[in-house]
Amino acid sequence: MKTENKPTGFTLSMALMDTLPVLFFSVSIGVLSARFGSALFLAGAILVILAGIMKVLWKFLLATVKRDVRIFNRQMRFIMPAGFALMIAALITDRDKWSIQDVAAHAFSLPSLIFFILALTGIGCMSYFARHFNQMDAKSNWIEQGTNVLAQFFFMMGVLI
């Protein structure tokens, strides 16, 4: 039977820093949801944000009361993908509410394009980290968090510009 690592070195500053990507994503997706006007897209966005908040809560509990409530961490495997799946489903089912030409025109205009490229690079790094880093190790978490903060900030800037 596989034994799981115990989380170590999780601090309040780490938990506080982990709120930034959730905040940046919430702003980005709030703007996109308002522009798109799809209830299904909004429902998916809420699930993704909820998953991020639960992960932050997990780190706050580790840092403050030294309690490892694993469900707050493990739910990321289910709630976040379900949220993104709903958002993708909305893009398909609510096709009449958005235009690929308008999205492409915005995404490929400068400086938005630069921000989106940087965001996608960060997300690619996060995918690599998820497969190769120890999620229970504080040093790995700092690297992942720093990358996620930048990726979500760049995505937000691409959306807002």
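Biologist: Which residue forms a salt bridge with K59?

Modeller: Side chains of opposite charge can pair when their charged atoms come close. Here the partner of K59 is D18, with the closest N and O atoms 3.5 Å apart. A salt bridge means a side-chain nitrogen of Lys or Arg within 4 Å of a carboxyl oxygen of Asp or Glu. The pair links distant parts of the chain: K59 sits in helix α2 and D18 in helix α1, 41 residues apart. Helices are DSSP runs of H or I with at least four residues, numbered from the N terminus.

Biologist: What kind of model is this, and how are residues numbered?

Modeller: This is a predicted model, where local features need pLDDT of at least 70 and side-chain atom pairs count only at pLDDT 80 or more, while totals for chains, interfaces and linings use all residues. Residues are numbered from 1 along each chain as its sequence is written, and side-chain values use heavy atoms, leaving out hydrogens and water.

Biologist: Are K59 and D18 buried or exposed?

Modeller: Both K59 and D18 are buried. Buried means under 20% relative accessible area, exposed over 50%, and partly exposed in between, with a 1.4 Å probe and protein chains only.

Biologist: How many salt bridges does a search of the whole structure find?

Modeller: The search finds two. One of them joins the side chains of R70 and D68, at 2.4 Å from N to O. R70 counts as buried, at 15% relative accessibility. D68 counts as partly exposed, at 28%.

Biologist: How do I read an aromatic pair?

Modeller: A pair of aromatic rings is described by the distance of the centres and the angle of the planes. Rings of Phe, Tyr and Trp (its six-membered ring) pair if their centres lie within 6.5 Å; planes under 30 degrees apart are stacked, over 60 edge-to-face, and the rest tilted. A search of the whole structure finds nine aromatic pairs. Take F36 and F41: the centres are 5.1 Å apart and the planes at 85 degrees, so this pair is edge-to-face. F36 and F41 are both buried.

Biologist: Which residues form an aromatic cluster?

Modeller: F24, F115, F153 and F154 form one.

Biologist: Where does R95 lie relative to W98?

Modeller: R95 lies over the face of W98, 4.7 Å from the ring centre. For a charge over a ring, NZ of Lys or CZ of Arg must be within 6 Å of the ring centre and within 35 degrees of the ring normal.

Biologist: What does A90 touch, not counting residues up to four places away in sequence?

Modeller: A90 touches F36, S38, L40, F41 and R95. Contact means heavy atoms within 4.5 Å. A90 lies in helix α4, residues 79–93. A90 counts as buried, at 0% relative accessibility. A90 and L42 are 48 residues apart in sequence, yet 8.9 Å apart in space, C-alpha to C-alpha.

Biologist: What about the backbone?

Modeller: Look at two loops. A cis peptide bond joins L110 and P111, with omega about 5 degrees. P111 is in the loop between α5 (100–107) and α6 (112–132). K66 has phi near 55 degrees, a positive value in a residue other than glycine. K66 is in the loop between α2 (39–64) and α3 (70–74). K66 is exposed, with a relative accessible area of 62%.
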